[in-house]
Amino acid sequence: MENKLEDKSSVKAYSEMIYRIAYTVLNSKSDAEDILQEVLIKYVTTNKKFKDEEYKKSWFIRVTLNMSYNLKKSAWKRHTVPLDNEVKFEYKYQSEIFDIIEKLDKKYKDVVLLYYYEDIPIRNI
C-alpha cells in the first residue's frame, strides 16, 4: 500500500514538469501528453528505488528527455503533420522567448530548460 501512495504523490509532483519538458522538445501537446503517460507508466511498472527525491527527479528528467528525443527522431514522427500545435502565451514576450529557446541546439536547449524552468543547479545538469 505504501508504494501506491508513493507512486501517487510522485505522479502529482512530477507530471507538470514531465509535460513541460516533453512539450519543449516536441512542440506538440498530444505528443507531450503521450510522453507524460509513457514516463509515468515506466515509473510505476519498474518499481525503481531512489536514494532521495533529487535522484528521482533526475530520473524523471532523463527518461522524459530520452523518450522525447527518441519520438522526435522516429521515422513515424518525421512523416506526420501536427493538427494543433499552437501555444497560447499570456504575454507576447513569452512567445518570443519560447521561439528563441526553440532555435537553440539540443544541448543548450536542455540546459536552459532544466536550469531556468526546472530550477536544477548547473552542477546537477
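Let's start with Asp110, which is found in helix α6; helices here are DSSP runs of H or I with at least four residues, while strands are E runs of at least two, and both are numbered from the N terminus. This is a predicted model, where local features need pLDDT of at least 70, side-chain atom pairs count only at pLDDT 80 or more, and totals for chains, interfaces and linings use all residues. Residues are numbered from 1 along each chain as its sequence is written, and side-chain values use heavy atoms, with hydrogens and water left out.

Is Asp110 buried or exposed? Its relative accessibility is 10%, so Asp110 counts as buried. The terms work like this: buried is under 20% relative accessible area, exposed is over 50%, and partly exposed is in between, with a 1.4 Å probe and protein chains only. If we set aside neighbours within four places in sequence, Asp110 is in contact with Leu65 and Tyr69, where contact means heavy atoms within 4.5 Å.

Asp110 also has a charged partner. In general, side chains of opposite charge can pair when their charged atoms come close. The side chains of Asp110 and Lys106 meet in a salt bridge, at 3.7 Å from N to O; the cut-off is a side-chain nitrogen of Lys or Arg within 4 Å of a carboxyl oxygen of Asp or Glu. The two are four residues apart in helix α6, so about one helical turn separates Asp110 from Lys106. Lys106 is partly exposed, at 46%.

Now follow Lys106 to a ring. Its charged end sits over the ring of Tyr69, 4.3 Å from the centre. For that label, NZ of Lys or CZ of Arg must be within 6 Å of the ring centre and within 35 degrees of the ring normal.

How many salt bridges does a search of the whole structure find? The search finds three. One of them joins Glu16 and Arg20, at 2.9 Å from N to O. These two are four residues apart in helix α1 (residues 2–26), which puts about one helical turn between Glu16 and Arg20. Glu16 is exposed at 57%, and Arg20 is partly exposed at 28%.

Lys56 and Glu53 form a salt bridge too, with their closest N and O atoms 3.5 Å apart. Both lie in helix α3 (residues 53–73), three residues apart, about one turn of the helix. Lys56 is buried at 3%, whereas Glu53 is partly exposed at 46%.

On to the aromatic rings. Rings of Phe, Tyr and Trp (its six-membered ring) pair if their centres lie within 6.5 Å; planes under 30 degrees apart are stacked, over 60 edge-to-face, and the rest tilted. By this rule there are eight aromatic pairs. Why does the pair Tyr43 and Phe50 count as stacked? Because the ring centres of Tyr43 and Phe50 are 6.4 Å apart and their planes are at 20°. Tyr43 and Phe50 are both buried. Ring pairs also link Tyr14, Tyr43, Phe50, Trp59 and Phe60 into a cluster.

Last stop, back at helix α6. A nonpolar surface patch of about 670 Å² is made by Ile97, Val111, Tyr115, Tyr116, Tyr117, Ile122 and Ile125. Patches take residues with over 30% relative accessible area and no salt bridge, joining like charges within 9 Å and nonpolar side chains (Val, Leu, Ile, Met, Phe, Trp, Tyr) within 5 Å. The areas come from the Shrake-Rupley method with a 1.4 Å probe, and for residues only the protein chains shown count as cover. Helix α6 (residues 106–117) gives the largest share of the patch, four residues. Tyr117 has its place in helix α6, and is partly exposed at 41%.
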